[in-house]
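Subject: Structure for your review

Dear colleague,

Please find below the structure that I am handing over to you. My notes on what was found in it follow directly after.

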Amino acid sequence: MLRKFLKEPLVHFLGGALLVFAFFWATGSNRDPAEYTISIDETDIERLKAGWVQNFRRAPTQAELDALIDQEIAEEIYYREALRLGLDKNDPVIRRRLFTKMRFVDGEDSAIPEPTDALLQQWMDENPGKYALPSLYDFEQIYLGQISVADARDRIDQLNDGTPPSAFAQPLSRPGALARASSAEIGRQFGDRFAEQLEKLEPGVWSGPVISGFGAHAVRISAKVPGQKADLADVRQQVVNDWRATRLAKQKEEALAAYRTQYEVTVAGRP
Amino acid sequence: MRKSLMLAACTAALALSGCSKINGDEDRSAEVVNTEYPEQVFWGDTHLHTDNSIDAFGFGNRLDAENALRFARGEEVTATKGSKARLSRPLDFLVIADHSDAMGATKAIMEAPRFALLANKFLLRWHDMMNESDEGSMRVTAELIDGAAKGTLPASLTDPEESRERTADLWKKHGATVDQYNEPGKFTAFMGFEYTSMPDGDNLHRVVMFRDSPDKMGDTIPYGALGSQDPEKLWAYMAAYEQKTGGKVLAIPHNSNVSNGRMFAMNKFDGSPIDAAYVKTRALREPIVEVTQIKGDSETHPFLSPNDEFANFGVAGWDKCNLSCTRDMAPETYAGSYAREALKRGLELTLAIGANPFKFGMIGSTDSHTSLATADENNFFGKHSGNEANNSARGLDPQNLGTREGRFGWHYLASGYAAVWATSNTREAIFDAMMRREVYATTGPRMQVRFFGGFDFSADDTADLVKAGYTKGVPMGGDLTGGDGEAPKFLISALMDPESASLDRIQVIKGWVDATGKSQEKVYNVSWSDAGTRKLGADGKLSPVPNTVDLAKGTWDNATGAPELVTFWQDPDFDAAQNAFYYVRVLEIPTPTWPVYDAMKFNLKLPDDVIKIQQERAYSSPIWYTPKA
């Protein structure tokens, strides 16, 4: 795709224009050394011919080609004169157009390589929270209904004193026990709020109340496998996607930052 | 000449957006274990537009498919208008359904070098308008929609051969992105597109979704309505695809509320009567429909269901005129625009022709054009990028794009999602569940709804409802026949979304054909909260659940409703000789609509006519009863 793009005549043309801009920016001299030199070389002529053929399905005659070249020269002269007159300034269409072009050129110049495992591993190490395997819980729960926290505490105390769960359990079509359940799985069954509360519960006893959208629950955790670092193999696809997406975003930021260091920017109201 | 210029422009613009993609790994679905029954409900959106849709891009959407997929998977993304966007809970699957007609074209026109368009005054004007300002871009989009409705678009946009190369290139790249985010067992990304048939502005759109991975699709590219507006031609395309590749594909009619009565018309596209071949093909190709989405709700209408006090949900603003508002819709046309009536028509056609063209399951989806699949009231990113969450005027602004009149921002619903009972979160399992219609629609909340029908259930079966349901009956979407004259029995449960509101009630909606051959409907209240104090009246009506919404705070009291409702129900009015269908509607207790959250956030005063309180809901797929031959 890049090669196809580089063949585009317009890209050559814009590339040239960008060089002119770059020169102004880099030197600050406000003077283009080739200011009044225009040369139409063989490549340009081939491009003009190709454009003609595409439109008219035949090669141009010599007279037609000459007219095309003259048109090209005229365009170039007007283009440069327009720049000298500053007609490109404060024209939102031209501004946005050049912005888009620059963004593209910056992005394409540093195409993202296929990430190696070492690179991905490094990325994972730099973002440990994102790829940690969650804690896994073995637990039982009793749904106590939509009752007050005080009432729920009272019932949980009774459970711990030996009252059977059937004395309090309200019907709810959620599992009474889950084994090796991740917080995502628990969240699916009981909502995220419920899942978040498991972390701080004391194992081995009925505790809570754990409040979900359904109401109050008594929970007894029997085992907890703490969260651990994921292996690359377990989360490879996600890592590749995240790495790529971040890499692309970073590329844009870096390009802007590189230009930006050359500018002194003041904004009203900003320190 | 104009055509080749357009192609050159588009090719160049596509090159601009090109970037390397990493190919998906080998097929990982082999590792995913399918459960014995469809034990889990998976949540998704089958109808989402990205910057590859001509209108979405024109509306200003600059988020691509990758952003859409990342958002659906739960990642934070920056929305087009600059605010951070994230779902509180990720989705399980996504169908990006960009418009097939002129796919990627507005992006291409805007990004094309101006030079390449100089000879095409029409496209040049659009190019300049789009580059100039957001308003210009919106005007272009309005002209596009209007032009598509009136058939006045330039040939360079409408010629399918012309756009084939561009579309094929784009489709291939899109496939690579979709594969990259498809992770069997964790998240399913489907290939799909939207077929945008819109004769005279009447909405006959279909979302088309594939069961297959992009590399199995060969040279099949999305089929455009500019190829033909006749859905039968789309079905032929689908059949050809399946024959050629051995793959599978289905179509989802949607948003029938603005079809001007044509989505479920009693005749074919050309006006001739429906025949047996049409019935068979339609039933095969369109197993489910989208019954609720941002552009309103299509379950039923008060005109069609005068005895249903909940029939007015999501109809305001949408029942006046067709999609492009080029035609007013008379109430006499509503019958072909709403799903319940279509299900009834399906029964009548079964008797007349021997088969049912409208035997569909029901899902919801967003139809969002922001690349963000949001259906929650407090996190609603709107229909298009001009309506994103940071636009304080979006609720009250008129939506008069082009010739659209009479609709305001608040008419849009933060709706809906598709719920699928499947054996695993894979393309195969979810697609197959849709084919057997084991799906339901919600207006956003993720309540869990189970619905089984059979002749052998007893009230005790509610104790182990799922097992009894599958072993002694059929799930939603299924068929019942026989029964030796005994009325069918149903096991129904609804569990509230633990992050949303508790439940008001479960209703069963029955449609049947009476002795005179005319279809009828009845709504039964079968289970409700506070059953100790709320009793059915002689007319079968139930007192409303109390409204606890605090409009200043955007809160409500879940203690008012029930966390879960489970019931056994047998049809008290059964006639074994009559064809019938039954589906379930679950209502939440009243909650605030999204404009209320906007009003809180932006300190707005909402006019009286803005709907501020609603009862969100779920619609199950029907179970059909057919008398023994």
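Contact, as the term is used in this message, means heavy atoms within 4.5 Å. On that basis, among contacts in chain A between residues at least 6 apart in sequence, 69% join residues at least 24 apart.

Please note that this is a predicted model, in which local features need pLDDT of at least 70 and side-chain atom pairs count only at pLDDT 80 or more, while totals for chains, interfaces and linings use all residues. Residues are numbered from 1 along each chain as its sequence is written, chains are lettered from A and ligands numbered from 1 in the order in which they are written, and side-chain values use heavy atoms, with hydrogens and water left out.

Chain A

The secondary structure of chain A comprises ten helices and six strands; helices (H or I, at least four residues) and strands (E, at least two) are DSSP runs, numbered from the N terminus. Of the 271 residues in chain A, 32% are buried, where buried means under 20% relative accessible area, exposed over 50%, and partly exposed in between (1.4 Å probe, protein chains only).

Four strands of chain A form an open, antiparallel sheet in the order S3-S2-S5-S4; two strands pair if DSSP finds at least two bridges between them. Its edges are strand S3 (177-182) and strand S4 (206-212) of chain A, each of which pairs on one side only. On average, and with direction ignored, neighbouring strands of this sheet are turned by 40 degrees against each other. Axes are lines fitted to C-alpha atoms, for helices over the stretch in contact, and angles run from 0 to 180 degrees between N-to-C directions.

S4(A) is joined to strand S5 (residues 215-225) of chain A by five bridges in the antiparallel sense, with A:Ser212 opposite A:Gly215 in S5(A). Helix H8 (residues 183-190) of chain A packs on the sheet, where it touches S2, S3, S4 and S5 of chain A, and its direction makes about 130 degrees with that of S3(A). Helix H7 (residues 149-160) of chain A lies across strand S2 (136-145), S4 and S5 of chain A, and runs at about 150 degrees to S4(A).

Chain B: a helix pair

Two packed helices are described by the angle between their axes and the distance between the axes. Helix H6 (residues 121-132) and helix H7 (residues 134-150) of chain B pack at an angle of about 140 degrees, with their axes 6 Å apart. H6(B) and H7(B) are therefore oblique to each other; angles under 35 degrees count as roughly parallel, over 145 as roughly antiparallel, 65 to 115 as roughly perpendicular and the rest as oblique. On the H6(B) side, B:Arg125, B:Trp126, B:Met129 and B:Met130 meet B:Gly136, B:Ser137, B:Arg139, B:Val140, B:Glu143 and B:Leu144 in H7(B).

Five bridges join S1(B) to strand S12 (residues 417-422) of chain B in antiparallel fashion, and B:Phe42 stands opposite B:Val420 in S12(B). Strand S4 (residues 93-96) of chain B runs parallel to S1(B) and is joined to it by three bridges, with B:Leu48 opposite B:Ile96 in S4(B).

Over all chains, a search of the whole structure finds 31 aromatic pairs; rings of Phe, Tyr and Trp (its six-membered ring) pair if their centres lie within 6.5 Å, and planes under 30 degrees apart count as stacked, over 60 as edge-to-face and the rest as tilted. One of these pairs is edge-to-face between B:Trp43 and B:Tyr440, at 5.9 Å centre to centre and 85 degrees between the planes. B:Trp43 lies in strand S1 (residues 40-48) and B:Tyr440 in strand S13 (residues 439-442) of chain B, so the pair ties together parts that are 397 residues apart in sequence. Both B:Trp43 and B:Tyr440 are buried.

An aromatic cluster in chain B is formed by B:Trp171, B:Phe193, B:Tyr195, B:Phe210, B:Tyr223, B:Tyr237 and B:Tyr241. B:Thr220, in the loop between strand S7 (206-210) and helix H10 (231-245) of chain B, counts as buried at 9% relative accessibility. Leaving aside neighbours within four places in sequence, B:Thr220 is in contact with B:Trp171, B:Tyr237, B:Tyr241 and B:Thr245.

Yours sincerely
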